[in-house]
Amino acid sequence: LGNNYKMSRKAIAPSSQSTIPASSPSLGQQSIQAMLQQEKEKEKEDTLQKILQEIQILQTKVENVEKSNENISQKIEQTNQKVEKIQQKIDKTDEKVKNIQQKIGKTDEQVENIQEMMTKYDEKIKKIEEQDKQRDKEIGNINIRLSEVEKDRIESLRGEMDRSEFYLRFQNVEEEKGENLVGKMIEILAEALEITKEKMMDGMDEVFRVHTRYAMRNKLPREVHIRFTKKITKTQILQMTREKTLKYKDKEIVVLKQVPRRVRETRREYLFLTKELLRKGINYRWLIPEGLLFTWREQRHRIDTVEKAESFYYEYIRRKEEDTRKEEPLLEPQKELIALERNNQNPFSNDRRNKFKRCMEREKYRK
């Protein structure tokens with residue numbers, strides 16, 4: 001721009017000289033025109049300077065704009081790079097989303113399979129519940145039948161016990177060939193009760209011998225069983241045997257009550273307790289169909305199950321014995337049972353030994 005301006009001034013200078021007219025006017029006019037010409041030239045120079053300044057300002061602005069454009073272009077490049085990175089991340093997220101969608105699809109299939117399995121299980125559970133209901137009904141019917149059977153059993157046992165109330169068993173009565181068993185027993189009992197043979201004969205209904213395991217094991221004669229017509233005759237004989245012993249040919253006769261086999265088997269499980277009660281001089285009474293009734297320390301006890309008998313044995317009898325032996329070293333329950341077995345003093349039957357051990361262990365744990 002400066003070079004252009006200089007050239008413009010050179011071009012203007014001769015034109016100013018050419019503008020002077022050929023005919024020279026007066027000096028006053030010439031001086032005025034020269035002054036005017038000078039002012040015009042100054043004005044032109046001023047305007048040109050202003051234009052130059054504005055051009056310079058514009059140049060600086062253009063340079064600033066170019067710099068800003070460069071910065072903008074750099075930022076654009078940076079933003080493009082960022083956009084590319086974001087696009088890459090978006091692509092990765094798209095892949096992840098696809099994988100997730102595939103997994104969701106698989107999980108949906110699994111959920112459907114699980115739902116199908118659940119429906120199958122629900123159907124099975126419903127069937128099982130229906131079967132349980134039917135079983136409950138059947139069990140209820142069975143319980144009713146069992147209760148009826150138990151009632152029948154108890155009634156039959158009571159009937160057997162009522163019938164056995166008229167019977168007595170006589171052990172160690174010598175057996176002879178061609179013996180008159182009825183006459184022999186009438187003679188023995190009439191002499192013992194100090195009554196006539198006719199009266200004794202009227203009091204007896206039937207007399208017979210019976211094979212028993214006890215007699216065979218101990219090589220004794222067969223037992224004699226007698227059914228009396230009245231219970232009082234039986235009780236009189238039992239009371240008499242407490243005071244004196246019956247004998248036949250100098251052999252002692254043992255008199256026992258007649259107890260049905262089923263009742264004997266159930267009572268055998270209570271022997272560990274009845275032995276201790278007899279050893280301590282405590283009377284007891286058998287219950288029907290099972291159990292016993294007795295008084296311990298002015299308190300009546302009704303024991304109608306074997307579990308109750310075991311708990312009573314340990315609570316009242318065994319504990320008391322242990323308390324009296326506090327100063328002595330106590331044996332463990334297992335060692336004590338082994339010692340009892342060695343001495344043939346096992347208080348329990350074989351089928352109840354394990355239950356007693358568990359009872360003792362529970363009591364030990366409770367302490």
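Student: Is glutamate 179 buried, exposed or partly exposed, and why?
Tutor: This is a predicted model. Glutamate 179 counts as partly exposed because its relative accessible area is 22%, and buried means under 20%.

Student: Which lysine does glutamate 179 form a salt bridge with?
Tutor: Lysine 184, with the closest N and O atoms 2.5 Å apart. Lysine 184 also forms a salt bridge with glutamate 176, where the closest N and O atoms are 3.8 Å apart.

Student: And lysine 184 itself, buried or exposed?
Tutor: Buried, at 7% relative accessibility. Glutamate 176 is partly exposed, at 28%.

Student: Which residues are linked in that network of salt bridges?
Tutor: Glu176, Glu179, Lys184, Arg209 and Lys249.

Student: What does lysine 234 pair with?
Tutor: Glutamate 165, in a salt bridge with the closest N and O atoms 3.6 Å apart. That pair links distant parts of the chain, 69 residues apart: lysine 234 is in helix H6, while glutamate 165 is in the loop between H2 and strand S1. Lysine 234 is buried at 4% relative accessible area, whereas glutamate 165 is partly exposed at 30%.

Student: Switching topic: how much space is in the largest pocket?
Tutor: About 1500 Å³. Its lining has 14 nonpolar, nine polar and 16 charged residues, and helix H6 gives the largest share, six residues.

Student: Which residues make the nonpolar patch on the surface?
Tutor: Ile114, Met117, Met118, Tyr121 and Ile125, with about 480 Å² of accessible area together. Tyrosine 121 sits in helix H2 and is partly exposed, at 42%.

Definitions and conventions: Residues are numbered from 1 along each chain as its sequence is written. This is a predicted model: local features need pLDDT of at least 70, side-chain atom pairs count only at pLDDT 80 or more; totals for chains, interfaces and linings use all residues. Side-chain values use heavy atoms; hydrogens and water are left out. On a 1 Å grid over the protein atoms alone, a cavity is a set of points where a 1.4 Å probe fits but cannot get out, and a pocket is an open set with protein on both sides within 12 Å along at least five of seven lines; lining residues have an atom within 4 Å of a point. Grid points are joined across faces, edges and corners, and a volume is the space filled by probe spheres set on the points. Helices (H or I, at least four residues) and strands (E, at least two) are DSSP runs, numbered from the N terminus. Ala, Val, Leu, Ile, Met, Phe, Trp, Tyr, Cys and Pro count as nonpolar, Asp, Glu, Lys and Arg as charged, and the others, Gly among them, as polar. Patches are made of residues with over 30% relative accessible area and no salt bridge: like charges are joined within 9 Å, nonpolar side chains (Val, Leu, Ile, Met, Phe, Trp, Tyr) within 5 Å. Accessible areas come from the Shrake-Rupley method with a 1.4 Å probe; for residues, only the protein chains shown count as cover. A salt bridge is a side-chain nitrogen of Lys or Arg within 4 Å of a carboxyl oxygen of Asp or Glu. Buried means under 20% relative accessible area, exposed over 50%, partly exposed in between (1.4 Å probe, protein chains only).
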